[in-house]
Amino acid sequence: MLFFVGKKAILPRMFPDIPSMFPGGSSFPDATPSRPSTSLGASEIAQLQIKVERLLMITEALWTILKEKNGLEDKELLRQIVQIDLRDGKLDGRVATTPPEPCPKCQRIVAKNSVKCMYCGEPLLMDPFAR
Ligand SMILES: [Zn+2]
């Protein structure tokens, strides 16, 4: 998970050495998302930018608390970010989407973020970071 507002990388403020972690050296991978099926208006984009900036502030605050209370270092966060990024085998600044998984009771594939199995009613544990 790397943080971008538009194409501006936010993480280098906290971790100026992260560009060297990407293949090819000093530039970040293109963080432009694939074209959505519907277009957003300028005000919707502005609202999303505000929300992203707020989430970045919250994330930075949480990380600062974790560092101060637990003696963690930025390099540990960087290592974890790279591990998450590499789950799909590509260091590209993006997190791969997770495929739908089977119900633990009936083994049928259920829609992501379902609260319960649509076939057998089994309550499902949600992955708060599933995409
Ligand atoms: Zn089921």
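1. First, the ground rules. This is a predicted model, in which local features need a pLDDT of at least 70, side-chain atom pairs count only at pLDDT 80 or more, and totals for chains, interfaces and linings use all residues. Residues are numbered from 1 along each chain as its sequence is written.

2. On confidence (pLDDT is the predictor's own score for each residue, from 0 to 100): the chain averages 80, and 72% of the residues score at least 70. Watch residues 1-29, though, where the pLDDT is below 50; this stretch still has 42 contacts in the model beyond near neighbours in sequence. A contact here is two residues with C-beta atoms, placed from the backbone, within 7 Å.

3. The layout is quick to read: three helices and two strands, running β-β-α-α-α from the N terminus on. Helices (H or I, at least four residues) and strands (E, at least two) are DSSP runs, numbered from the N terminus.

4. Leu-77 is partly exposed, because 16 other C-beta atoms lie within 10 Å. The cut-offs are 20 or more such atoms within 10 Å for buried, 12 or fewer for exposed, and partly exposed in between, again with C-beta atoms placed from the backbone. The C-alpha atoms of Leu-77 and Lys-67 sit 9.7 Å apart, and ten residues separate the two along the chain.

5. Have a look at α2, residues 42-70. Its 29 residues reach 41 Å from the first C-alpha to the last, close to the 42 Å expected at 1.5 Å a residue; the expected span is 1.5 Å times one less than the number of residues. α2 is hardly covered, with a buried count of zero among its 29 residues.

6. Gln-107 has a phi near 70° and is found in the segment after α3 (74-85). Asn-113, with a phi of about 65°, is also placed in the segment after α3. Gln-107 counts as exposed because it has 12 other C-beta atoms within 10 Å, and Asn-113 is exposed with 12 as well.

7. Zooming out to the whole chain: of its 131 residues, 4% count as buried. Among contacts between residues at least 6 apart in sequence, 34% join residues at least 24 apart.
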